[in-house]
Amino acid sequence: MGLRNIYERYKFRRTMKRFAPILEITSGAIVLNTTSVNIQSPQKRKYIYIEEEAIVGCNFIFESGQGTIRIGKRSYIGAGTNLLAHSDIIIGDDVTLAWGIWVYTHDSHSLDWCERIKDLEDVRVDYRSGRNLIASKDWSGVNTAPIRICDKAWIGMNAIILKGVTIGEGAVVGAGSVVTHDVPAWSVVAGNPARVVKMLNH
Ligand SMILES: CC(C)(COP(=O)(O)OP(=O)(O)OC[C@H]1O[C@@H](n2cnc3c(N)ncnc32)[C@H](O)[C@@H]1OP(=O)(O)O)[C@@H](O)C(=O)NCCC(=O)NCCS
C-alpha cells in the first residue's frame, strides 16, 4: 500500500470519527471517501441512517439543520449525488442512485418576492459577518415536502428529484430527467418534466 493510500485511509478514519455523533450506520454498510456531510448549526442528534450493506459516496446536505436521511439495505448512492434534506429523504432497499443527482426536498426560496428580498439581505449580512451565507436564513416561507424513493428503484445520472415526490417500487428515472410528480411503480420515466415512457414487467 502506497503512502498516499495510507494517508487517504487515515484521513477517512478521522472523517468517520467526526461523523459518528450524527450518523447511524449498520454493520456491513460502506461509506466511500467521496462522502461529505454539511449541517447548518448541528445539534446532538442523528441526521443520517445507513442500513446494512448499503454503499454511499454522496453529499449529505442539511442547509436548515432540519430533516433526516435514511438509506435502505444494499442501496447504492454514487459520488457527486446531492441529498438535500429540510424535510426527510427516505430511500428504500436495493435502490441505485447514479452520479450527479439532486434530491431536493425544498424550494430554497419563497415564491413571494417580498420574502425573497429578505433572503438576499440576510446573505449580505452573513457575508459581512464572516458567516456561512445561509446562517441567518428564515426558512418559514420556503415550501418543502419529504421525498421517498421506494425499494428497487434506479435513478439515472444527473436526474433532479423535486420536493414531495415518491418514486415507486422498481421504477427507473432516465438520465437528466426532472421529476416533479410521483412516479408509478415499475415504470420508466424520462425528460423534463419526467413522463412515463414505458412500463416494466416484473
Ligand atoms: C431510462 C433508460 C434506462 C431507458 O433505456 P431504454 O429502455 O433503452 O429506453 P428507450 O431507448 O427505449 O427510450 C424510450 C423513450 O424514452 C426516451 N428516453 C429514454 N431515456 C431518456 C432520457 N434520459 N431523457 C429523455 N428521454 C429519454 C427515448 O428517447 C424514447 O423515446 P421515443 O419512444 O419517443 O423514441 C435510459 O434511457 C437512461 O436514461 N439510462 C441512464 C443510465 C445512467 O444514468 N447510468 C448511470 C449509472 S447508474
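Let's start with Y47: this residue is buried, with a relative accessible area of 0%. Buried means under 20% relative accessible area, exposed over 50%, and partly exposed in between, using a 1.4 Å probe and protein chains only. This is a predicted model, where local features need pLDDT of at least 70, side-chain atom pairs count only at pLDDT 80 or more, and totals for chains, interfaces and linings use all residues. Residues are numbered from 1 along each chain as its sequence is written, and side-chain values use heavy atoms, leaving out hydrogens and water.

**Aromatic pairs**
- You'll find 2 aromatic pairs here; rings of Phe, Tyr and Trp (its six-membered ring) pair if their centres lie within 6.5 Å, with planes under 30 degrees apart called stacked, over 60 edge-to-face and the rest tilted.
- Y47 and F62 have ring centres 5.1 Å apart and planes at 70 degrees, so they sit edge-to-face.
- That pair links distant parts of the chain, 15 residues apart: Y47 is in the loop between β3 (36–39) and β4 (48–50), and F62 is in strand β6 (residues 59–62).
- F62 is buried too, at 0% relative accessibility.
- W102 and Y104 are stacked, because their ring centres are 6.0 Å apart and their planes meet at 25 degrees.
- W102 is partly exposed at 36%, while Y104 counts as buried at 19%.

**The whole chain**
- The protein chain has 2 helices and 20 strands; these are DSSP runs, with helices (H or I) of at least four residues and strands (E) of at least two, numbered from the N terminus.
- Of its 202 residues, 42% count as buried.
- Its C-alpha atoms fill a box of roughly 55 × 50 × 30 Å along the principal axes.
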